[in-house]
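Visitor: I am new to this structure and should like to be guided through it. May we look at the sequence and the model together?

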Amino acid sequence: MIRCPVCGSRDIYRPVGGVLGEMYRCKKCGYSGALVIETDDEQDEENKE
Ligand SMILES: [Zn+2]
């Protein structure tokens, strides 16, 4: 599982056909870049908002 390094959201994905290789994009804050937080956490209870 990967997380956004900016806002910590799990709503981050890797656009298909990226030109720069491993680029990710966050749906929540709009972050885009190669840096993401990788975690094996399966406990996700941050749906309170
Ligand atoms: Zn983000």
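Visitor: Which residues does Thr-39 touch, not counting residues up to four places away in sequence?
Guide: This is a predicted model, in which local features need pLDDT of at least 70, side-chain atom pairs count only at pLDDT 80 or more, and totals for chains, interfaces and linings use all residues. Residues are numbered from 1 along each chain as its sequence is written. Two residues are in contact if their C-beta atoms, placed from the backbone, lie within 7 Å. Leaving out residues up to four places away in sequence, Thr-39 touches Met-1 and Arg-3.

Visitor: Is Thr-39 buried or exposed?
Guide: Thr-39 lies in the segment after β5 (37-38). A residue is buried if 20 or more other C-beta atoms lie within 10 Å of its own, exposed if 12 or fewer, and partly exposed in between, with C-beta atoms placed from the backbone. Because Thr-39 has 11 C-beta neighbours inside 10 Å, it counts as exposed.

Visitor: How many strands does the chain have?
Guide: Helices (H or I, at least four residues) and strands (E, at least two) are DSSP runs, numbered from the N terminus. Along the sequence, the pattern is β-β-β-β-β. The chain has zero helices, and its strands number five.

Visitor: What is the order of the strands in the open sheet?
Guide: Two strands pair if DSSP finds at least two bridges between them. The pairing in this open sheet of three strands is antiparallel, and the order is β2-β3-β4. Each edge strand pairs on one side only, and these edge strands are β2 (12-13) and β4 (32-33).

Visitor: What distance separates the C-alpha atoms of Gly-30 and Cys-4?
Guide: Gly-30 is found in the loop between β3 and β4. Gly-30 is exposed, because it has 10 other C-beta atoms within 10 Å. Gly-30 and Cys-4 are 26 residues apart along the chain, and their C-alpha atoms are separated by 9.6 Å.

Visitor: What is the mean pLDDT of the chain?
Guide: pLDDT is the predictor's confidence in each residue, from 0 to 100. Where pLDDT is low, the predicted coordinates should not be read in detail. In this chain, 71% of the residues reach 70 or more, and the mean pLDDT is 82.
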